[in-house]
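Me: I'm new to reading protein structures. Could you walk me through one, feature by feature?

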Amino acid sequence: MSKKPLKKLSCDDKLKAIKNNNGFQYDAMKAVEELTELSAAIMQALTKRNKDTHKDIIEEFGDVDFRLGVLRNYFDSKAISKRKRFKIKKSIGYLKTQKY
């Protein structure tokens, strides 16, 4: 990685710098923590209908998105994108056949 000041790096390069600083175990644990918090917020939305959970879900979603962005740098990004395209195609197929 270049010696640019951190604030001048692209978003992807900032995520790589964070990954390089933290290490896999830390990043994986933080991702699991954030995923758990998102899961809890979504569960509250489903079970506590009188509570406005929209803000909580947005906050946790952003945290998860950030942590997965860091974690993605440990894996084959092209393979992840390929799998994502597969899931989208499969879901579109379900929509066409009204399985959803």
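Predicted model: local features only at pLDDT ≥ 70, side-chain atom pairs only at ≥ 80, totals over all residues.

Me: How far is D13 from V70, in sequence and in space?

Reply: Here you compare two separations. In sequence, D13 and V70 are 57 residues apart. In space, their C-alpha atoms are 10.0 Å apart. Now try another pair: A41 and N73 are 32 residues apart in sequence, with 26 Å from C-alpha to C-alpha.

Me: And A41 itself, where is that found?

Reply: A41 is found in helix 2. Its relative accessibility is 7%, so A41 counts as buried.

Me: How do helix 2 and helix 3 pack?

Reply: The general idea first: two packed helices are described by the angle between their axes and the distance between the axes. In this case, helix 2 (residues 24-47) and helix 3 (residues 54-72) pack at an angle of about 155°, and their axes are 9 Å apart. Angles over 145 degrees count as roughly antiparallel, so helix 2 and helix 3 are roughly antiparallel to each other. There's a handedness to read as well: the crossing of helix 2 and helix 3 is left-handed.

Me: How many salt bridges does the structure hold?

Reply: For this one you look for a side-chain nitrogen of Lys or Arg within 4 Å of a carboxyl oxygen of Asp or Glu. The structure holds 1 salt bridge. K30 forms it with E33, and the closest N and O atoms are 3.4 Å apart. Both K30 and E33 lie in helix 2, 3 residues apart, which is about one turn of the helix.

Me: Which of the labels, buried or partly exposed, goes with K30, and which with E33?

Reply: K30 is buried, because its relative accessible area is 19%. E33 is partly exposed, because its value is 35%.

Me: Last one: which residues form a nonpolar patch on the surface?

Reply: That would be F24, F75 and I80, with about 280 Å² of accessible area together. Take I80 as an example: I80 is found in helix 4, residues 77-96. With a relative accessible area of 32%, I80 is partly exposed.

Notes: Residues numbered from 1 in each chain as written. Heavy atoms only, no water. Patch = residues over 30% accessible without salt bridge, like charges linked within 9 Å, V, L, I, M, F, W, Y side chains within 5 Å. Areas by Shrake-Rupley, 256 points an atom, 1.4 Å probe, with all protein chains shown as cover. Helix = DSSP H or I, 4+ residues; strand = E, 2+ residues; numbered from the N terminus. Buried < 20%, exposed > 50% of the residue type's maximum accessible area, 1.4 Å probe, protein only. Axes fitted to C-alpha atoms, helices over the stretch in contact; angles between N-to-C directions. Parallel < 35°, antiparallel > 145°, perpendicular 65-115°, else oblique. Left-handed = near helix turned anticlockwise from the far one by under 90°.
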